[in-house]
Amino acid sequence: MNSAYYELLKGIETRLKAGIPLRDSLEGLERDGRGALAALAGALRSQIEAGATLAQALGDLPASTPPAHAALIDAGESSGRLNETLADIIAEESILADARRRLQLRLAYPLLICCLAFLLPFLYLVFQGRTGEYLLIQACFFGPLGALLLLVFFRHRFFPRGSSQRLLFERIVLVVPFFGRLAQEYALAGSLQLLGRLLQAGLGYADGLPLVSEAAGLHRLALQFKEMAAGIADGASASEGLSRITGIPLELRSRLASGDVSGTIDQALVKSGAELREAALARLETVVKVLPILVYLLAAGLVLWRAVSVFSGLPGGF
């Protein structure tokens with residue numbers, strides 16, 4: 001999450017909790033904040049003074065609000081639970097930010113080793129006057145790596161929601177072994193949690209499911225939530241509607257069915273989404289833990305190959 005946006009939500013939540021009205025809270029953040037935070041608070045204050053809701057004002061920000069946040073904030077304003085809704089968003093984002101931070105730290109070292117494994121063993125080409133060949137090898141490795149990093153960090157810009165490029169990208173990701181399933185589970189976890197929180201905010205399925213469909217991270221998942229909305233509109237129960245959503249483990253389906261009967265399905269959805277997300281992150285962290293071993297093997301293989309080629313006197317090649 002953008003740091004200024006995160007600080008903005010925290011500032012609004014803190015002031016609302018202290019009993020300060022929304023407009024005055026934004027005015028205080030604009031006055032006391034610095035840089036991007038003050039600019040965001042001022043932009044929101046201007047729009048709210050013009051009659052916009054907080055969700056509408058956030059949606060018009062240059063750095064667009066995540067669809068799930070906009071839906072939750074809209075529901076929180078409608079139900080009079082804006083302060084609690086903002087607190088939930090901040091707590092959830094803190095958990096996700098911590099998980100991202102752990103993954104980045106664990107990826108940094110193997111990525112460094114991998115880069116050195118391609119930079120150092122081929123330096124002899126430079127000393128032999130074959131700099132062009134050395135640069136070609138580096139381009140073959142660092143070019144795709146740089147393109148991958150750009151796609152990861154700017155994916156929303158390269159693949160805007162609803163575009164044909166986004167749909168093609170999703171199809172490619174979903175067929176990749178392990179990572180396709182991981183992406184599906186992570187998106188499903190967020191959608192289940194969002195639906196549960198919208199229900200807790202007082203929205204019904206007729207109003208909540210379209211918001212979940214719009215905020216769903218995957219197009220296929222969005223279509224399934226639309227099917228669930230159509231089924232409930234035709235008289236199906238919530239658990240019957242959830243049967244249209246693929247990827248929910250059997251034990252979670254049992255919990256959701258029990259919650260539907262007992263009237264606590266909103267809590268069951270939030271808890272199930274959290275468990276599904278934690279399981280997906282745990283599998284990803286396991287892969288990240290194994291990655292350094294693979295990188296060490298790659299580096300050792302490159303060094304060994306170069307040593308054998310030098311001492312055996314093999315001609316030609318790199």
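**The second largest cavity and its surroundings**

A: The lining of the second largest cavity divides into two nonpolar, two polar and three charged residues. Here Ala, Val, Leu, Ile, Met, Phe, Trp, Tyr, Cys and Pro count as nonpolar, Asp, Glu, Lys and Arg as charged, and the others, Gly among them, as polar. The lining residues are Leu72, Arg81, Thr85, Asp88, Arg197, Gln200 and Ala201. This cavity holds about 30 Å³.

This is a predicted model: local features need pLDDT of at least 70, side-chain atom pairs count only at pLDDT 80 or more, and totals for chains, interfaces and linings use all residues. Residues are numbered from 1 along each chain as its sequence is written, and side-chain values use heavy atoms, with hydrogens and water left out.

A cavity is a set of points on a 1 Å grid over the protein atoms alone, where a 1.4 Å probe fits but cannot get out; lining residues have an atom within 4 Å of a point. Its volume is the space filled by probe spheres set on the points, which are joined across faces, edges and corners.

Which helices supply this lining? Helix H6 (82–119) and helix H11 (179–200) each give at least two of its residues. Helices are DSSP runs (H or I, at least four residues), numbered from the N terminus.

Look at Gln200 next. Gln200 is one of the lining residues, and its place is in H11. Gln200 has a relative accessible area of 32%, so it is partly exposed. The cut-offs are under 20% for buried, over 50% for exposed, and partly exposed in between (1.4 Å probe, protein chains only). Along the chain, Gln200 and Arg157 are 43 residues apart, and their C-alpha atoms are separated by 32 Å.

Now follow H11 back to the loop between helix H10 (164–175) and H11, where Phe178 lies. Phe178 is not a glycine, yet it has a positive phi of about 70°. Most residues other than glycine have a negative phi. With 33% relative accessibility, Phe178 counts as partly exposed.

Turn to H6 and its partner. Helix H5 (residues 67–79) packs with H6 at about 155°, and their axes are 7 Å apart. Axes are lines fitted to C-alpha atoms over the stretch in contact, and angles run from 0 to 180 degrees between N-to-C directions. H5 and H6 are therefore roughly antiparallel to each other, a label for angles over 145 degrees. H5 passes H6 in a right-handed crossing; here the near helix is turned clockwise from the far one by less than a right angle.

How many cavities of 30 Å³ or more are there? The count comes to two.

Is Phe225 buried or exposed? Its relative accessibility is 0%, so Phe225 counts as buried. Phe225 and Ile245 are 20 residues apart along the chain, with 6.9 Å between their C-alpha atoms.

Finish with Glu251, in helix H15 (residues 250–262). Glu251 is exposed, at a relative accessible area of 56%. From Glu251 to Ile20 it is 231 residues in sequence and 44 Å in space, C-alpha to C-alpha.

Note on methods: 1 Å grid on protein atoms, 1.4 Å probe; cavity = no way out; pocket = protein on both sides within 12 Å on 5 of 7 lines; lining within 4 Å. Parallel < 35°, antiparallel > 145°, perpendicular 65-115°, else oblique.
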